[in-house]
Amino acid sequence: MLTYLPLRCLGLKSLVCISFDCGVIGAMAARVKYSWSLALVLLCIVSLSYFGNAADIGASFVFGDSLVDAGNNNYLPTLSKANIPPNGIDFKASGGQPTGRYTNGRTIGEELGVPNYAVPFLSPNSTGKAILYGVNYASGGGGIMNATGRIFVNRLGLDIQIDFYNTTRKQFDKLLGPSKAKDYIRKSSIFSITIGANDFLNNYLLPVLSIGARISETPDGFIDDMINHLRDQLTRLYQLDARKFVIGNVGPIGCIPYQKTINQLNENECVDLANKLAKQYNSRLQNLLTELNGKLPGATFVVANVYDLVMELITNYEKYGFITASKACCGNGGQFAGIIPCGPTSTMCKDRDKHVFWDPYHPSEAANLIIARQLLYGSTKYISPVNLKQLRNL
């Protein structure tokens, strides 16, 4: 069972919390929101003392897919958007209006009290001193591989997101001067990478469109390509002065309400193939990060074991105050409301804090908070080689 830890006991100036998401189920392309790999990865700075000075807090650079997309897809002509109600119904900062976040309320960091948010790169206000708190490059539908998410017409893959960070890196030199900028980014900033599940759900396993790829490439071969590409991407960030990394592994993607519904599973069943691919990738990811920790001087790569963490929450949901870990709070279709994505005409539950899933693919803010606490303060069972509190203090 997971352990609840009080926030007030840390006594730190700032904390870091992350959350992971994943991809999209291809069969829902016309109506789709993003699927949740069940890996939460939104990296954000949490200031217990509400410091407003970027020098005290450091910067948060967020890369990834839909659960960490804080609004970039609002500025893209794409089929994948979350700026429609009732998304954001419990998000006080917007008065309950949708902002492009794929949940009912606050993200993990916002739940705990963030004085400043990492601004979406594509938003008009991602200029000047606002970027000193960090920038969010994440895009729903994005993946490690450039082909991932093509069904949505537009999305930002990780390669493009890193291109955008390179632009930001040059802006830091102009704002702080080259020497101070390099020191600030290397010592005071954290890089969160939330990626991988879309590459399975919205690429390799995509119905119809991926049949040719699956015939020509084995799962081992596809995962090899993912790992090799990710190695190059992380090394590129390192060359651009990134030093503190948090990488989430892929969660139990076979257990989301959408997968359970379309496969007509029972409440306690999950799709074996999707989960098997996730675990196979996760093993390779762990080896990659161990390799990079030994290969790149001064860098710390932290892996969040979201697969086991979220599986614990799904398996023992009642212990954490939930009434279901199978049925979406907002959605329609099938036993688990897992076919039609959350939108203005969706059926919505009244007890949103009692559902692990907000929609057929994404977690509720209540689930986000439980997972965040483990990543912040947890043991090496769920976050290693250090937790996020420890990483912040390195």
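Which residues of H5 are buried? Select helix H5, residues 197–204, where Ala 197, Asn 198, Asp 199, Phe 200, Leu 201, Asn 202, Asn 203 and Tyr 204 are buried. Here, buried means under 20% relative accessible area, exposed over 50%, and partly exposed in between, with a 1.4 Å probe and protein chains only. Helix H5 is accordingly described as mostly covered, with eight of its eight residues buried.

Please note that this is a predicted model, in which local features need pLDDT of at least 70 and side-chain atom pairs count only at pLDDT 80 or more, while totals for chains, interfaces and linings use all residues. Residues are numbered from 1 along each chain as its sequence is written, and side-chain values use heavy atoms, with hydrogens and water left out.

**The sheet**

Select next the seven strands that form an open sheet, in the order S4-S5-S3-S6-S7-S8-S11, with mixed pairing. Helices (H or I, at least four residues) and strands (E, at least two) are DSSP runs, numbered from the N terminus; two strands pair if DSSP finds at least two bridges between them. At the edges lie strand S4 (119–120) and strand S11 (383–384), each pairing on one side only.

Within the sheet, highlight strand S6 (residues 190–194) and strand S7 (residues 244–248), which pair in the parallel sense over three bridges. Phe 191 has Phe 245 in S7 as its bridge partner.

**The disulfides**

Now display the cysteines: the whole structure contains three disulfides, a disulfide being a pair of cysteine sulfur atoms within 2.5 Å.

Begin with Cys 255 and Cys 270, joined at an S to S distance of 2.1 Å. Their link is right-handed, with 110° about the S-S bond. Cys 255 lies in the loop between S7 and helix H8 (257–262), and Cys 270 in the loop between H8 and helix H9 (272–295), so the pair ties together parts 15 residues apart in sequence. Cys 255 is buried at 0% relative accessibility, whereas Cys 270 is partly exposed at 21%.

Move to Cys 329 and Cys 349, whose sulfurs are 2.0 Å apart. This link of Cys 329 and Cys 349 is left-handed, at -95° about the S-S bond. Cys 329 is buried at 4% relative accessibility, and Cys 349 is buried at 14%.

Finish at Cys 330 and Cys 342, also joined by a disulfide (S to S 2.0 Å). The torsion about their S-S bond is about 80°, so this disulfide is right-handed. Cys 330 is buried at 0% relative accessible area, and Cys 342 is buried at 2%.

With the bonded cysteines of the protein chain numbered in sequence order, the pairing reads 1-2, 3-6, 4-5.
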